[in-house]
Amino acid sequence: MNPALFLHLMSIESRRLLSYRVDFWITMILTLIVQLVVIWALWTAIFAESGKDIVAGWDLQGILAYGVFVFLTGRVVRGGDLQMAVATEIYDGSLSRFLVYPCNYCFTKYAQQLGNIFPDIFQSVLMALLIIPFMESSTTVDLNLTGILMCLPSIFCAHLLFFMMGLLPQMVAFWADNVWSLSVMMRMVTMLIGGATFPLSLFPDSMQSVLYMLPFRYLFEFPTLVLLGKVGIEEWITGIVSCLIWCGFFLLLLIPVWRRGTLRYTGVGI
Amino acid sequence: MIEVKNLRKVFRIHQKPPGLLASVRSLFRREYVDKVAVAGADFSVGEGEIVGMIGANGAGKTTLVKMLSGIVHPTSGEARVLGYNPWDKHNDLRRQISLIMGQKAQLWWDLPGADCFELLREIYQIPRPEYESNLKRLTEMLQVEDELNTQIRRLSLGERMKMELIAALLHSPRVVYLDEPTIGLDITTQKAVRDFLLSYRQDHAPAMILTSHYMEDIERLCERIIIIREGELVYDGNLKRVIHEYAPYKQLTVHLNRAETAAVDKDYLERIGKVMEEKAGTIILRIPRDQVTSAAAEILRKFSVQDLSIADPEISEIIELIMGGNEKPQR
Ligand SMILES: Nc1ncnc2c1ncn2[C@@H]1O[C@H](COP(=O)(O)OP(=O)(O)OP(=O)(O)O)[C@@H](O)[C@H]1O
Ligand SMILES: [Mg+2]
């Protein structure tokens with residue numbers, strides 16, 4: 001696929017997101033407020049109950065910061081509303097037109113998805129700037145420039161991994177009519193074991209060791225830990241490399257699935 | 001340019017029975033029925049040729065076009081388009097073909113036409129000068145210069161269809177599939193589309209396959225037609241010749257003088273030919289080709305005739321007969 005087309009698709013998506021969607025801002029702010037209230041109420045209660053100052057390496061202010069930033073980075077990683085686009089296009093037959101074009105369908109989708117990332121980052125940064133002044137300092141996390149710089153590549157890799165992992169259940173649409181529930185389930189599990197609700201270090205030890213071997217943590221937990229200064233440079237590099245290896249793994253899985261899927265595709269609805 | 005050999009497509013359809021109990025049962029034991037959409041098609045289309053594909057709803061036209069454009073894999077059989085196997089989806093082939101679906105919007109819904117075309121320029125990697133001149137010529141011809149900056153979803157059906165046509169021809173494809181390109185358009189726009197297609201053919205000599213339910217389209221655009229019935233090709237040949245091959249009769253229309261009107265003997269007429277209509281002094285008869293002249297002579301002798309004409313039946317009538325499976329080829 002030629003780079004000009006890729007950039008063009010990206011910029012169209014970015015402009016679309018920034019220009020004519022009021023709900024882009026409203027949903028963002030509303031969900032953020034809900035998230036803030038929930039994590040604040042939840043963790044204050046838990047810490048008060050336990051009577052400890054530090055739980056699994058987090059103090060109250062630290063875990064609240066995690067809650068805020070995993071939400072903000074997670075939004076960027078998950079991207080806009082493309083999560084069901086592929087399944088929908090397979091289901092209603094609008095995939096057909098892309099099959100006639102001399103370009104790779106999944107690349108065009110990735111270009112669109114990547115077009116989401118800049119408006120999302122912009123928005124998340126803006127929200128972070130609004131919230132940071134209200135945050136109290138913590139002994140267990142350290143938000144500084146190095147962390148922020150290291151976080152950006154981790155977010156890009158996580159974004160790519162999320163895209164590829166998301167494609168797989170969507171392509172089930174070639175075989176089954178209703179993949180919506182499957183996708184929602186996958187999403188919830190992914191969020192939970194990827195650390196989008198709380199850090200994996202709060203899971204029981206036996207589960208932790210399993211979860212650290214799976215790709216999910218690179219989606220949400222890893223970029224957030226990097227941002228909060230909890231990841232050393234060496235660990236950061238291994239993290240990024242493992243994330244990319246997982247991307248390669250899913251790519252190898254996606255290619256035959258796509259082949260077989262398009263073989264079965266009947267282009268319904270025309 | 002297009003070669004098709006024994007191409008078949010059988011859809012395996014999962015039966016969804018009505019009712020809750022039945023659908024629960026079908027979760028465990030699925031029942032399939034095989035639906036033959038295209039039952040072994042053989043034909044070829046040459047350069048500069050527009051072939052009209054005609055058939056009733058559900059005859060398999062769209063399925064055939066989908067296979068030839070590489071969207072759907074056939075169950076068996078072969079096809080070669082510009083030397084490529086279409087469902088290999090080779091980019092060199094895809095750059096040279098185009099598909100227009102009248103029933104389905106293909107352009108990006110949220111973008112104005114101008115932006116869609118710009119994207120297509122990159123998808124097809126059309127050199128800038130060629131793109132500019134093509135775009136200018138196509139938009140002028142279809143008179144949509146003023147709508148170029150309107151979002152596709154805000155256009156009327158006809159305006160959108162014109163945009164789709166431009167989008168499909170920007171890269172000067174050598175093979176064009178048109179699936180009902182004039183559906184739902186008004187007569188003027190239909191004509192504009194037809195003229196547009198003819199002029200494209202003149203400039204580029206592409207191979208085109210056109211499906212349409214409007215006889216006018218077929219008669220104006222196609223010298224050759226393929227009639228498809230329940231997935232089978234039942235006629236492939238010259239449009240004009242279809243009459244000679246399938247219509248063993250001619251139509252005789254007689255206008256009688258007023259005085260004669262009362263005195264027509266129906267039984268007598270039935271002996272000459274099949275009476276299609278008989279009222280107020282006008283009689284329409286269907287008469288076997290070889291008996292037309294003698295029948296006309298007899299009528300002229302018997303009645304006081306004001307006017308008499310002999311004509312071939314309408315092509316659309318014949319095609320309807322063939323599509324419905326009631327044809328009696330005269331061989
Ligand atoms: N995706 C599909 N899955 C299952 N069956 C299909 C599918 N597409 C078409 N069919 C069946 O194949 C047959 C041919 O359909 P097709 O769309 O090719 O007809 P058509 O000639 O284009 O008709 P129309 O004039 O109505 O557009 C129909 O009986 C239809 O039910
Ligand atoms: Mg059709």
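How many residues surround ligand 1, and which are the closest? In this predicted model, in which local features need pLDDT of at least 70 and side-chain atom pairs count only at pLDDT 80 or more while totals for chains, interfaces and linings use all residues, side-chain values use heavy atoms, with hydrogens and water left out. Residues are numbered from 1 along each chain as its sequence is written, and chains are lettered from A and ligands numbered from 1 in the order in which they are written.

Ligand 1 is surrounded by 18 residues, the closest being G58(B), K61(B), T62(B), T63(B) and H213(B), where a residue counts as near if one of its heavy atoms lies within 4 Å of the molecule. Because these residues come from chains A and B, the site is shared between chains. By class, the shell has 7 nonpolar, 8 polar and 3 charged residues, with Ala, Val, Leu, Ile, Met, Phe, Trp, Tyr, Cys and Pro counted as nonpolar, Asp, Glu, Lys and Arg as charged, and the others, Gly among them, as polar.

Helix 2 of chain B gives the most to this shell, with 3 residues; helices are DSSP runs of H or I with at least four residues, numbered from the N terminus.

Polar contacts (pairs of N or O atoms within 3.5 Å) involve oxygen atoms of ligand 1: one is 2.8 Å from a side-chain N or O atom of N57(B), whereas backbone N or O atoms lie 3.2 Å away in the case of A59(B) and 2.9 Å away in that of G60(B). Of the 630 Å² of accessible area that ligand 1 has on its own, the protein covers 78%, as computed by the Shrake-Rupley method with a 1.4 Å probe.

Conventions. A polar contact is a pair of N or O atoms within 3.5 Å; within protein, one must be able to donate a hydrogen and the other to accept it, and residues adjacent in sequence count only if both atoms are side-chain atoms. Helices (H or I, at least four residues) and strands (E, at least two) are DSSP runs, numbered from the N terminus.
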